[in-house]
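Colleague: Please take a close look at one part of this model, the place where one chain meets another. Then follow that part into its surroundings.

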Amino acid sequence: MTIAPAEPPVLRMAGVSKSFGATRALDDVSFELGRGEVHALIGENGAGKSTMMKILSGAIAPDAGRMEIDGRPYAPAGPGDGLRGGISMIYQELTLAPHLTVEENIVLGREVHAAGWLDREATRRKAREALELVRHPEISPAIPVGRLSVGAKQIVEIARALLNRSRILVMDEPTSSLTQEDSLRLFEIIRGLKGQDVSVIYISHFLEEVQKVADSYTVLRDGRSVGSGKMEGTRLEDIIQLMVGQKFTQLFPRVEHAVGEAVLSLDRLKGTKMTAPVSLTLSKGEILGIAGLVGSGRSEMLRTLFGLDEAEGGSVVISGAELAGRTPWTRISRGLGLLSEDRQGEGLALSLSVADNMTLSDLAPYRRHGLLRPGRQRRAVSDLIGKLKIKTKGPAQTVGDLSGGNQQKVALARLLHQKASILLLDEPTRGIDVVSKAQIYEWIGELAREGKAVLFVSSYLPELLGICDRIAVFHRGALVESRPIPEWDAPSLMAAATVGRAARDNTMGQRIAE
Amino acid sequence: MKSLAPKVLSGCLCLSLALAACAKKSSDAPGPGEGKILQIAVIPKGTTHEFWKSIHAGAVRAARELGVEVIWKGPQKEDDRAQQITVVEDFISRGVDGIVLAPLDDRALMRPVQDAVREKIPVVIIDSALQGSDFASYVATDNYKGGVLAARRLGELLGGKGRIFLIRYQEGSASTVQREAGFYDTVKNEFPGLVLLVQDQYAGATTETAYQLAENLISRFPDVEGVFAPNESSTFGTLRALQESRLAGKVVFVGFDSSPKLVQGLRDGHIQGLVLQSPFKMGYLGVKTIVAHLRGEPVEKIIDTGVALATADNMDDPAIRPLLSPDLSQIID
Amino acid sequence: MSRQRPAGLQKALNVLGPFIGLVLVIALFSLIPEVQGRFLRFANFKSVATQSVIVALGALGMTFIIITGGIDLSAASNIALSSVIAAYAVNAGLPPLAALVLGVLTGGLVGLANGALVTRLRLIPFIVTLGMMGIARGAAKWIAGNQKIDAPMTWVNELMAKSPRPSWLLLAPGIWVVILFAVVLAVVLKYTVFGRHVFAIGSNESTARLCGIRTNRVKVLVYVLSGLFCGLSGVMEFSRLTVGDPTVAVGLELDIIAAVVIGGGSLSGGEGSILGTMIGVLIMSFLRNGCTMMGWPNYIQEIIIGAIIVIAVALDRLRHR
């Protein structure tokens, strides 16, 4: 670090507290951010990270404590003050307007104009400049953002923040929807930002990447700052211990289970949204991991299989009988269940209750003479809430009010409730905290032990390697490799996903996985 | 959040605001509203046309002379039959002493009028006819005669031959149907040389729809020589279309009713004749008749308020002038 | 989370909100000396209820559509078309019951067309029903020969008579029809799988599909249901007017939508209730009634109702924050 001792930190927060009703969201938290520093903010969901960032951005006011920027007191009255103070937030859910072009998004709210007439030339110049800054000049400023990949969208968002002359960039789970490759590019950009004296507060659940990109860290637990320091020389295990206190034992708990006979086989299944036909077989009690880059056709395969996208060729056989019909409804009646990768947009009806969300796919047990019996429904749901350790006030609570991890558990509970025997899980652990993740891994193992079959799509290689029996890799829409778990490691998986064939001594795979 | 408090609060606020606004209005109504002053509800077909404002003025004049209170209220949407029924029902609920009604439909308003009579509230019908005989009196223009006047004016100016439009107003409106019939019959009987290029097109309720219709007709028959329109909105809409297509003054145009724009049209020579009713007299006699009936005096079953033809030559005559530009200072709005 | 209120209280407030509004409106007019004695009479309540029947029937179906996140702009045109068809049938010498059924079915058919277009062509409901608004209105005028249809008086016209024929009915049969269907639909919405699916589609259609709900089928059903109620509403309109009028109810779809919204329905879907909607209908009817009885000019009435819609929705947002 090259922070001169006399120079005040870019940002100092001291003794910041905030309560919501009886809940103490932040309790006497202090925090310092140096110039050009990348500071990781680590903690489980609900530990207080987002409250802290909302206070920083000016979206909410603290109950106590003070903040300084460059040694001067900083007391924002609203998000506008935060922006003017040079603070930009990059949220987990992207905040771009999909119908507008890249350049329009970059200058959004700061349009270049003369008397209300947009200056297209200057806008484009400005956008290009910003894209240069993030070293992605290849992104065309004229195409609508909706057509970009998630990774490119993130880059556009960072470019927008830089154009705002931000000196403090807050990144909230920036890589949660990025492929490993895109993540690596993002890290390079972050390193570049340091050179421009921009400081970054980096929030992430991916501890490995935090270790790679951050200079220092602060761990929050239950609204308190429980530890901070330089990243160099700190072990991951120590950080995890700080995060979870005493309750955490194992990152990838393995449940013993036996693989039985085949229950699902795809024979050259091809959908209108799939670029190539896919064949694979899944057995009872088997956890089959599906690796690949985002956009490599994994989700499309699951969606076609489940009837959400239209199929146009090939066949699917479940327990010896061919699958007929086109709708998800017929799939569910054959024991399939899909967990969507888009939890908020598709997976859950956020304005409905926990009970409604869990039972939506199978309301038949609660019906008599055409009328629903809410009492029974609540009882059944209460069992599931207990079993999955979902933190909620009860079956009637609105799902939108739960934390990400608990929302995901509700979505999973629905599959259990509908008694799915073949589970198609699309990124089940994306954006949720470590403890919830570990719990989800454990259930997946237990489900396998009960003889259920699991297709597990993930972009997070360690979890695939940690819990699967077999991993198949997608590349450009096709399934290119499928091997039992002992024959894979991270570099070879990465190589298969990026170049379409497994590398045993491929240096490219090595380099990318690093 | 404490959601109840702001809800109740703002609810009260909104309503008291409305109340204040309305209290001011109702205090303007004539008569102090105490004791046994008769309350007469006058229900027009609409409230924005010049024609109805004249009726209002006449009703207010009569109310002043007789010392009764007039409540003026039209359907919320102009020309909406269902809403006029609602208005009549609400006045029955309020228990007014008498109702003066210009029915939007000769059939649909029958039942509410029967309801009123059953509740011992007499009804005088003005302007347009109502089927049945539950009402005390019918005070109206002889609309058929108005149509006859218009046809004669048009026929004379065209020398008994030429191609003309008969623009109709709206389906189901009894008064205009009679005007159209008077016009049509007279053309057929007295002026066989006149050719009706168009005789079954409806202008619709508003100036805008009339304007569009006339525009379309003119572009289809640019060689038209004479036009008749049966009420204020259709006359004005047609006038605008004629002016836009530079045919105003070249085409013989006879309209019905009056408004400042139409008077200007008459003066400019864009309109060759306006058949005038006396809406002021209609409102005046409507209220007079109901009050006479309420006071037990005998009333005529049918009262004709007369029609007159205004032209550029006679428009400043003392007999015609008040019909063309009625004095509305009576209604305090 | 910042929400401390128990779910039960929250639910109670949802219904209570509009209800308080209704009580306020009634209380306001009851306090004005000019109409005080008259306003609170049973006869007046009866006539307000009768006046509410047409909007209420339309709003019953509209509530379902709005909960699914859709909208039906063709409701009022559909009412006009159905009333014309009923009048036409009576005029053609069909038995009154057949005319009634024919009117209702006409409404259902229009609803079916709406639903089919929305689901098959994947067009947004706003566009489909905007088109249908013109088509149904035009069809009504065409069938009626561009004028009103005078039909002979039959018992159908008694449905909306303020003083019902067997006097023990107390209220017009039309009012009882509304009450009956309101109860049935409230139960359907809350306690049947269909109702649950309706809410699920409005809350998040993708989730509903994911959960195996046959969303297209539910949506078509909802539009057909709404159409049938518009048809019934049209029959009631015919009963009230005693003529089949193709120009009736212009703009009434906005009153219907406003009633649903005042009653807590959200135009983005997933929220709404039958009870709330019925209260919304009554709020507007009582306001009209009171303003008319006071002899207030129409513009005052329009301003008040407009303000109430905005306030109701604003308060709703506040409540959900």
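Modeller: In this predicted model, 21 residues of chain C are in contact with 28 residues of chain A (C-beta atoms, placed from the backbone, within 7 Å). On the chain C side, α8 (193-203) and α9 (205-210) are the elements that give two or more residues; helices here are DSSP runs of H or I with at least four residues, strands are E runs of at least two, and both are numbered from the N terminus. The largest share of that side, five residues, is supplied by α8(C). By class, the side of chain C that touches chain A has eight nonpolar, nine polar and four charged residues (nonpolar: Ala, Val, Leu, Ile, Met, Phe, Trp, Tyr, Cys and Pro; charged: Asp, Glu, Lys and Arg; polar: the others, Gly among them).

Two notes on conventions. Residues are numbered from 1 along each chain as its sequence is written, while chains are lettered from A and ligands numbered from 1 in the order in which they are written. Local features need pLDDT of at least 70 and side-chain atom pairs count only at pLDDT 80 or more, but totals for chains, interfaces and linings use all residues.

Helix α8(C) is mostly covered, with nine of its eleven residues buried (20 or more other C-beta atoms within 10 Å of the residue's own; exposed is 12 or fewer, partly exposed in between). The buried residues are C:Gly195, C:Arg196, C:His197, C:Val198, C:Phe199, C:Ala200, C:Ile201, C:Gly202 and C:Ser203. From chain A, α12 (354-359) and β20 (371-372) pack against these buried residues.

Next, the partner chain. Chain A is divided into domain 1 (11-244) and domain 2 (262-353 + 419-513), with bounds from an automatic or database domain assignment. The centres of the two domains, taken over C-alpha atoms, are separated by 31 Å. Domain 1 of chain A gives 15 residues to the contact and domain 2 of chain A gives 13. On the domain 1 side, α6 (180-195) and α8 (236-244) of chain A each supply at least two residues. The domain 1 side holds five nonpolar, seven polar and three charged residues.

Helix α4 (residues 120-133) and helix α5 (residues 150-163) of chain A pack at about 110°, with their axes 9 Å apart. Therefore α4(A) and α5(A) are roughly perpendicular to each other (65 to 115 degrees; under 35 is roughly parallel, over 145 roughly antiparallel and the rest oblique). A:Lys126, A:Ala130, A:Leu131 and A:Leu133 of α4(A) meet A:Ala159, A:Leu162 and A:Leu163 of α5(A). By class, this contact has six nonpolar residues, no polar and one charged.

Conventions
Two residues are in contact if their C-beta atoms, placed from the backbone, lie within 7 Å. Axes are lines fitted to C-alpha atoms, for helices over the stretch in contact, and angles run from 0 to 180 degrees between N-to-C directions.
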